[in-house]
Amino acid sequence: MYDLIIIGAGPAGLSAAVYGRRAGLDLLVIEQTPMGGGQVINTYEVDNYLGLPGINGFELGQKFRQHADGQGAVFHIGKAVKISDDGEKKSVTLADGTVFAARALILAGGAEHTKLGVPGEDTFRGQGVSYCATCDGAFFKKRDVAVIGGGDVAVEDAIYLSRFCRNVFLIHRRDSLRAAKSLQEKLFACENVEVVWDSVLLAIEGGDLVEKIRIRNQKEEAEREIPVEGVFIAVGMHPDTEAYKELVACDENGWLIAGEDCKTDVPGIFAAGDIRTKRLRQIVTAVSDGACAVASAEQYLSLR
Ligand code: NAP
């Protein structure tokens, strides 16, 4: 039995692994892919992580992973599908049936991409529809593409794609962007990006591959077709808390309810990073959560 099992190997989970190992805990990190790093590895450029301006997201994710590895964290690849609490012993069941046990758990599985649910979204997934510009953008060199959304991710994606796509249409449902002002300035300086305001995506259409999108301007109540070969959907994230929600309290949107101390309503089970209720989901806040969750876990373990 481990002292601590950390589910998730993004910034929160890996930071928890570093702090946990430094506290002398015997710990296991469950990661879904052998690369770890979480969402950050799909980010082209990270410009707001203290001390490392402009670092490539994949490189930063690998640095996090290597740091935890260097501290002696043990990793296991798998997807947690169930957790259970037997007081002093918490168990984690993986999709392949493997079961691990520990005295405390840190849930740090992050969040996943939200879908729009429009016609064509599922049909053309992988045939022009993508949720990751840095993963799939290179397939659309010199082509016209659309990005849907108005947050940091959508704007970053549009800037990134503008570097090699012919034209980028950023489709946003309101008349102002949610993204950070610094990103907006970079976006508005891109000559081949058209921001299509007040518009929602109605459908993605084509034959074998995406050929066009249909959008609707909500203010003018007008429909428009835009020929594009790629559609990048960046309308936010939601938590993957299916495996936990029977045991641990979630809010109405599925985020695990926990404060800055990362304590959930179950003693010995902690939530760190994007997966928990919080205002600001950033790499730096996830890394900070990893440390706070271990401090709470250590306190819990020391009282036993
Ligand atoms: P987000 O900030 O929640 O933005 C989602 C965007 O999608 C919003 O503009 C929203 O429109 C739009 N949207 C949501 N549902 C929609 C729908 N059904 N139809 C049309 N549009 C819809 O999500 P995100 O951009 O994925 O970012 C997630 C978190 O990561 C945020 O906290 C963000 O700050 C952080 N992040 C930070 C950085 C960075 O600092 N460099 C980079 C990436 C991500 P409304 O604006 O109208 O709500």
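## Ligand shell

The ligand is surrounded by 17 residues, of which the closest are Asn48, Asp152, Arg173, Arg174 and Arg178; a residue is near a molecule if one of its heavy atoms lies within 4 Å of it. The model is a predicted one, in which local features need pLDDT of at least 70 and side-chain atom pairs count only at pLDDT 80 or more, while totals for chains, interfaces and linings use all residues. Residues are numbered from 1 along each chain as its sequence is written, and side-chain values use heavy atoms, with hydrogens and water left out.

By residue class, the shell comprises four nonpolar, seven polar and six charged residues. Here Ala, Val, Leu, Ile, Met, Phe, Trp, Tyr, Cys and Pro count as nonpolar, Asp, Glu, Lys and Arg as charged, and the others, Gly among them, as polar.

| Residue | Protein atom | Ligand atom | Distance |
|---|---|---|---|
| Arg173 | polar side-chain atom | oxygen | 2.9 Å |
| Glu156 | polar side-chain atom | nitrogen | 3.0 Å |
| Val153 | polar backbone atom | oxygen | 3.1 Å |

On its own the ligand has 920 Å² of accessible area, and the protein covers 75% of this; accessible areas come from the Shrake-Rupley method with a 1.4 Å probe.

## Aromatic contacts

Four aromatic pairs are present in the structure. Rings of Phe, Tyr and Trp (its six-membered ring) pair if their centres lie within 6.5 Å, with planes under 30 degrees apart counted as stacked, over 60 as edge-to-face and the rest as tilted.

One of these pairs joins Phe140 and Phe232 edge-to-face, at 5.5 Å centre to centre and 80° between the planes. It links distant parts of the chain, 92 residues apart: Phe140 lies in the loop between helix H3 (133–136) and strand E9 (144–148), and Phe232 in strand E15 (residues 230–233). Helices (H or I, at least four residues) and strands (E, at least two) are DSSP runs, numbered from the N terminus. Phe140 is buried, with a relative accessible area of 9%, and Phe232 is buried at 0%, where buried means under 20% relative accessible area, exposed over 50% and partly exposed in between (1.4 Å probe, protein chains only).

Phe270 and Tyr300 form another edge-to-face pair, with 6.3 Å between centres and 75° between the planes. Phe270 in strand E17 (residues 269–271) and Tyr300 in helix H6 (residues 283–302) are 30 residues apart.

Conventions: A polar contact is a pair of N or O atoms within 3.5 Å; within protein, one must be able to donate a hydrogen and the other to accept it, and residues adjacent in sequence count only if both atoms are side-chain atoms.
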